[in-house]
Amino acid sequence: MIAVIFGPPGSGKGTQAAALCERFGMTHVSTGDMLREAVRNQTELGKEAQSVMSAGKLVSNELVCGIVKDKVSALVAAGKGILFDGFPRNLDQAKFLSDTLDELNAPIDAAPVLEIPHEELVKRICGRRLCSNADCDGAYNVYFMPSKEEGKCDKCGSDLVQRKDDNEETLRERLEVYDGQTMPILEYYGEKNILIRVAASGSVNDIRDSLILGIAEKVKD
Ligand code: AMP
């Protein structure tokens, strides 16, 4: 299965992506995670992307499409399913992805989108804290899901950190980018009849179940 998940920053996309990968046996391909790793390792790519990411703007298509292409070819060749998260972010990336997957004879099966009012996103994003240990997936929110000890991960005890772009000013910029550049892709996927709209204001488990149901029905079509 090849799928693409959409949702504004703070919609719970990362959490749901992990659940969907487990359920459908897909590999999670998150361009945000790949770019953050490049920034952490201070590779050439990371140095180039750093300031753009901190400002909440989009890294160039050339750079992102390059890293995606290498990864996708390898995964498809190995017969793996893929869940794209954070890619595509604009219509040019969407067309690039369709062309790349067509060449590999592996079309997109489903494109779920998490829908949530923008007002709900500020607390979710500005309260978000992540474990600083790269091998741990601990994720918390100071308003909704605080760690037992402030500033420490419940799972491994490492310090919790805030992502550099998780502040209100950058969030507003990221939402503008999402509305302006990413939303048009939804129309594009709607025309391809692979779009699945899911309300993302409820509990994590309910949202996960709606996603699984929606994808299973789409794949059955
Ligand atoms: P994310 O974790 O998906 O919210 O991505 C964090 C940041 O990485 C974004 O705000 C962009 O600066 C950059 N980024 C991630 N994916 C892409 C993409 N597909 N195209 C351009 N920039 C991206």
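Begin by selecting Gln-93 together with the ligand: an N or O atom in the side chain of Gln-93 lies 3.0 Å from a nitrogen atom of the ligand, and a polar contact here is a pair of N or O atoms within 3.5 Å. Taken alone, the ligand exposes 480 Å², of which the protein buries 95%, with accessible areas coming from the Shrake-Rupley method with a 1.4 Å probe.

The model is predicted, so local features need pLDDT of at least 70 and side-chain atom pairs count only at pLDDT 80 or more, while totals for chains, interfaces and linings use all residues. Residues are numbered from 1 along each chain as its sequence is written, and side-chain values use heavy atoms, with hydrogens and water left out.

Next, select Arg-36, where a polar side-chain atom is 2.9 Å from an oxygen atom of the ligand, and then Lys-57, which has a polar backbone atom 2.5 Å from an oxygen atom of the ligand.

Now widen the selection to the 16 residues that surround the ligand, each having a heavy atom within 4 Å of the molecule. Helix 2, residues 31–40, gives the most to this shell, with 4 residues; helices are DSSP runs of H or I with at least four residues, strands are runs of E with at least two, and both are numbered from the N terminus.

Finally, select Val-142, in the loop between strand 6 (139–141) and strand 7 (160–161). Val-142 has a relative accessible area of 41% and is therefore partly exposed, a term for values between buried (under 20%) and exposed (over 50%).

Notes: A polar contact is a pair of N or O atoms within 3.5 Å; within protein, one must be able to donate a hydrogen and the other to accept it, and residues adjacent in sequence count only if both atoms are side-chain atoms. Buried means under 20% relative accessible area, exposed over 50%, partly exposed in between (1.4 Å probe, protein chains only).
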